[in-house]
Amino acid sequence: MKDFHHKVVVITGAGSGMGRAYAMTFAALGAKLALNDFDPISLEATVRILNAQGHTEVLPQAFDVGNRMAMDEFAQAVKERFGGAHVVINNAGIEGSALPAWHTTPADYERIMRVNFFGVVNGTLAFLPQLQARNEGAIVNVSSIMGLIGSPSQSDYCASKFAVRGFTEALMVELHDSPISVHLVHPGGVATNIARKPHSQAFAQRYLTTPPEDVAKRVVEGIRKGQAKIICGQDAFKTWVGSNLLPHKWLTAIVWREIRPTLDKAAYKWMR
């Protein structure tokens, strides 16, 4: 897919950060938008910005992407308003505990998998029939560079993003000969408000620096070029190279040395 004019683009997590950047980028290309966010206030703020710039073909709906029934209702609303989707960007996500595994609870793991992984599954399955009915389309699932490597104090987040990667790579094979393209995004450190916990601020300040607009433009380019994997943002390329070429022992040592200054020392009692 190369032209997005009058195409229907579904974006989850559109209330801020990368989701809002996707909305602004596709609106500028003439797309009609179906937007979701868990926070209705942030979502409405995105809609106001779009309307102020003359983009009025917008359908907003606030709900938890981990709720399968709510996602199905959203898909039905998109079909009734616009006739169905052409592009689906499963972007919504939350941060993890930002603590090591021994301080991360089962409830923490279940919560992040519900949003970060099952949100992607729900969005894909709810809208895939509409893309198939159109006989064209693109599915864009957002993983992370933490879907390429493990990182300390991110076991729950990494697990969710590795799960997105596995699901999407399987989907790529299943839709290989179809008119629907599948894209897996591994963003590096993007300047969003995802890191909200006090003990994750050192990590955010050091690594979350890439403007979300840069990622949105790169994803548009990736869809147009039919690129299956889109690696972009701070440290993304070197992480991809390291994950593919380095022996695991070396990679583990490098990641530990790189991330160590941002860790909560109280959680790592042996660290001096």
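Me: Which residues form a nonpolar patch on the surface?

Reply: L246, W250 and I254 form it, with about 290 Å² of accessible area together. Keep in mind that this is a predicted model.

Me: Where is L246 found?

Reply: L246 is in the loop between α8 (236-245) and α9 (248-259).

Me: And how exposed is L246?

Reply: L246 has a relative accessible area of 32%. That makes L246 partly exposed.

Me: OK, strands now. Why is β6 described as largely enclosed by the rest of the structure?

Reply: Strand β6 covers residues 180-187. Of its 8 residues, 7 are buried, so the strand is largely enclosed.

Me: What sense does the pairing of β5 and β6 have, parallel or antiparallel?

Reply: Parallel. Strand β5 (residues 137-142) pairs with β6 over 6 bridges.

Me: Which residue in β6 does N141 stand opposite?

Reply: N141 faces L184 there.

Me: What do β5, helix α5 and β6 make together?

Reply: They make a β-α-β unit, and it is right-handed. The helix in the unit, α5, spans residues 155-174.

Me: How many bridges join β6 to β7?

Reply: There are 4 bridges between them, and the two strands run parallel. Strand β7 is residues 229-232.

Me: Which residue of β7 is the bridge partner of H186?

Reply: I231 is the partner of H186.

Me: And side chains along a strand, where do they point?

Reply: In a regular strand, they alternate between the two faces of the sheet.

Me: Switching to aromatics. How many aromatic pairs are there?

Reply: The count is 5 aromatic pairs. One of them is F74 with F127: ring centres 5.8 Å apart, planes at 85 degrees, so the pair is edge-to-face.

Me: Which helices do F74 and F127 lie in?

Reply: F74 belongs to helix α3 (residues 68-82), and F127 to helix α4 (residues 106-134). The two parts are 53 residues apart in sequence, so the pair ties them together.

Me: Are those two buried or exposed?

Reply: Both F74 and F127 are buried.

Me: What about the rings of F117 and F167, how far apart are their centres?

Reply: Their centres are 6.3 Å apart. The planes sit at 85 degrees, so F117 and F167 are edge-to-face.

Me: Which parts does that pair tie together?

Reply: F117 is in helix α4 and F167 is in helix α5, so the pair ties together parts 50 residues apart in sequence.

Me: Does F117 count as buried or exposed?

Reply: Buried, at 15% relative accessibility. The cut-off for buried is under 20%.

Me: Which residues form one aromatic cluster?

Reply: F63, F74 and F127 do.

Me: Now charges. How many salt bridges does the structure hold?

Reply: It holds 7. Among them is R114 with D64, whose closest N and O atoms are 3.0 Å apart.

Me: Where do R114 and D64 lie?

Reply: R114 is in helix α4. D64 is in the loop between β3 (58-62) and α3. Those parts are 50 residues apart in sequence, so this pair ties them together.

Me: How exposed is R114?

Reply: R114 is partly exposed, with a relative accessible area of 37%.

Me: Which residues are linked in a network of salt bridges?

Reply: R165, E169 and K229 are. E169 meets R165 at 3.2 Å, N to O. E169 also meets K229, at 2.5 Å, N to O.

Me: Where does K229 lie, and where does E169?

Reply: K229 is in strand β7 and E169 in helix α5, so their pair ties together parts 60 residues apart in sequence.

Me: And how many residues apart are E169 and R165?

Reply: They are 4 residues apart, both in helix α5. That is about one turn of the helix.

Me: Last topic, backbone angles. What is the phi of H6?

Reply: Phi of H6 is near 65 degrees, a positive value, and H6 is not a glycine. Most residues other than glycine have a negative phi. H6 lies in the segment before β1 (8-11).

Me: What about S153, is its phi positive or negative?

Reply: Positive, about 65 degrees, although S153 is not a glycine. S153 sits in the loop between β5 and α5. At 9% relative accessibility, S153 counts as buried.

How values were computed. Residues are numbered from 1 along each chain as its sequence is written. This is a predicted model: local features need pLDDT of at least 70, side-chain atom pairs count only at pLDDT 80 or more; totals for chains, interfaces and linings use all residues. Side-chain values use heavy atoms; hydrogens and water are left out. Buried means under 20% relative accessible area, exposed over 50%, partly exposed in between (1.4 Å probe, protein chains only). Two strands pair if DSSP finds at least two bridges between them. A crossover is right-handed if, with the strands pointing away from the viewer, the path from the first strand over the helix to the second runs clockwise. Patches are made of residues with over 30% relative accessible area and no salt bridge: like charges are joined within 9 Å, nonpolar side chains (Val, Leu, Ile, Met, Phe, Trp, Tyr) within 5 Å. Accessible areas come from the Shrake-Rupley method with a 1.4 Å probe; for residues, only the protein chains shown count as cover. A salt bridge is a side-chain nitrogen of Lys or Arg within 4 Å of a carboxyl oxygen of Asp or Glu. Rings of Phe, Tyr and Trp (its six-membered ring) pair if their centres lie within 6.5 Å; planes under 30 degrees apart count as stacked, over 60 as edge-to-face and the rest as tilted.
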